[in-house]
Amino acid sequence: MAKQKNEKDTESFEYNYKRLQDIVDKLESEVDDASLDKIMEYYQEGLKLINSCRSKLKDAELKIEKINSEFNNSK
Amino acid sequence: MELQIKTSETPITVSELSKRIKSLIEFEFQYILITGEISNCKKHTPSGNFYFVLKDDKSQVSAVMWNSRSVRLAFEPKDGQRVVIKGRLSLYETRGTYQIDVFEMFQAGLGELQMAFEALKQKLFEEGLFDHARKKSLPEFPENVVIITSETGAVIEDFKRIANKRFPSAKITLIPATVQGTTTAKNIIKALKFAQTLEDRIDVICIARGGGSIEDLWGFNDEALARAICDCIIPVVSAIGHEIDFTICDFVSDVRAATPSAAAEIIFPDKNDYLERIKQSEYLIKKIVSGKISNLGEYLDGLKNNYFFNKPIDILNDFKMKLDDREDELKNLTTEKFSAIKNDLNYIEKILFNISPENTLKRGYSLVKKNGKYVSSSDELVLFDRVKIQFKDGENDAEIIS
């Protein structure tokens, strides 16, 4: 049966992209209050996500799988 | 008898007449839907063009179906067949005949098919299966997409090409299925069921086939197929290849695309949009962080110059200055004191010197000593005492004689 799409699948482009938007929002809202440590934490995670999302889009190759047509033998 | 014509009339030529009839006819009958029976059917070789006569009990019309169009026929036209024809009327001036130029031809039984189509469409509509509200929306990031189509041909190639250009991080699973003929519906239902059992969680299913005639697409009007699409838990995009014709599948699917290529454009977002947004996020992050750092820097500089921050240094400096002052004072006082003492000492020295025996001697006085002791009064002396008299330049012995 189809496995549930793990919303927290940290490999997926969707998760990383959403997390990146999250980080930007957090930085915008917390920049005045947060400590320098926290800001740098966000910064590093943000850059990491940017690289991962970019490479998923630029370097990815379309995967094609063909189901064995023997399954489709009705007449 | 002579032909009498009015001088204002001129006779037209045959060509003119034909031309006028041609424009009249071809304008009026640029599209006709006509039903009748085939007779005098002839297939011309080698061109393959079909020539026949379409008739009913009272009239007849010539017709031709060019080879390019007749290859798409789902049946072999024969004399006696009742057909429905879509076409237009043309006039052939050289022969003075008019003829139906056939675009499409259906066996007349198709009228019944059309009625069944309308009936099914109505039935499913009343059940609410076409309702907009029940249509699922497509996910933003289609990472797993199933396409049900024939395994070769332009459809799958176009679909792959567009997917690769727009969103290459996707995975496409092709489930091959026959997309025409009487087994179409059954095969696609099976493919749909199979897609829902795949291990990867599928984001979108696309049912696609290229353009074709109404007969080619007929399988997509099947009721069981329509219900299978409705029951499908994954969003279904139908791309059954015709811009203007709609099949039942198109009505029940969650999204209808005019062509398989259009389906790919709908399903896959453009990666460049995301790359652009990622670039903006990068710009924002860097801007915010460097802004924060320079703000902190300014704050620190501000603190350094702040009065309160500098107070300890000021206090220290204050003390340093006081120390210097004290030191100076001390120096001054000491020097003064020292001078004063020196003066006093000098004065005392002078006095002492003045009253010293040596100085007295130097002034001409003399000292008298008796038995080593100085005599300061004549009472201390008696007759015949032996004394020493000390002068500035020497000593004399003496005896008291009175």
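Which element gives the most to the lining of the second largest pocket? α3(B) does, with four residues.

## About the model

This is a predicted model, in which local features need pLDDT of at least 70, side-chain atom pairs count only at pLDDT 80 or more, and totals for chains, interfaces and linings use all residues. Residues are numbered from 1 along each chain as its sequence is written, chains are lettered from A and ligands numbered from 1 in the order in which they are written, and side-chain values use heavy atoms, with hydrogens and water left out.

## The second largest pocket

The second largest pocket holds about 220 Å³ of space. Its lining has 13 residues, and the closest to the pocket centre are B:Gln114, B:Phe117, B:Ile214, B:Asp245 and B:Phe246. By class, the lining has six nonpolar, four polar and three charged residues.

Some terms apply here. On a 1 Å grid over the protein atoms alone, a pocket is an open set of points with protein on both sides within 12 Å along at least five of seven lines; a cavity is a set where a 1.4 Å probe fits but cannot get out; lining residues have an atom within 4 Å of a point. Grid points are joined across faces, edges and corners, and a volume is the space filled by probe spheres set on them. Helices (H or I, at least four residues) and strands (E, at least two) are DSSP runs, numbered from the N terminus. Ala, Val, Leu, Ile, Met, Phe, Trp, Tyr, Cys and Pro count as nonpolar; Asp, Glu, Lys and Arg as charged; the others, Gly among them, as polar.

## The cavity

The structure holds one cavity of 30 Å³ or more. The volume of the largest cavity is about 90 Å³. Strand β5 (residues 97-107) of chain B gives the largest share of the lining, four residues. Among the lining residues are B:Phe103, B:Glu104, B:Arg69 and B:Ser213. Six lining residues are nonpolar, one is polar and four are charged.

## Where the chains meet

In chain A, 44 residues are in contact (heavy atoms within 4.5 Å) with 47 residues of chain B. The buried area (accessible area, 1.4 Å probe, lost on being put together, summed over both parts) is about 4,300 Å². Carbon and sulfur atoms give 66% of that area.

Three salt bridges (a side-chain nitrogen of Lys or Arg within 4 Å of a carboxyl oxygen of Asp or Glu) link chain A and chain B. One pairs B:Lys171 with A:Glu65, with the closest N and O atoms 3.0 Å apart.

Definitions and conventions: Buried area = accessible area lost by both parts, 1.4 Å probe.
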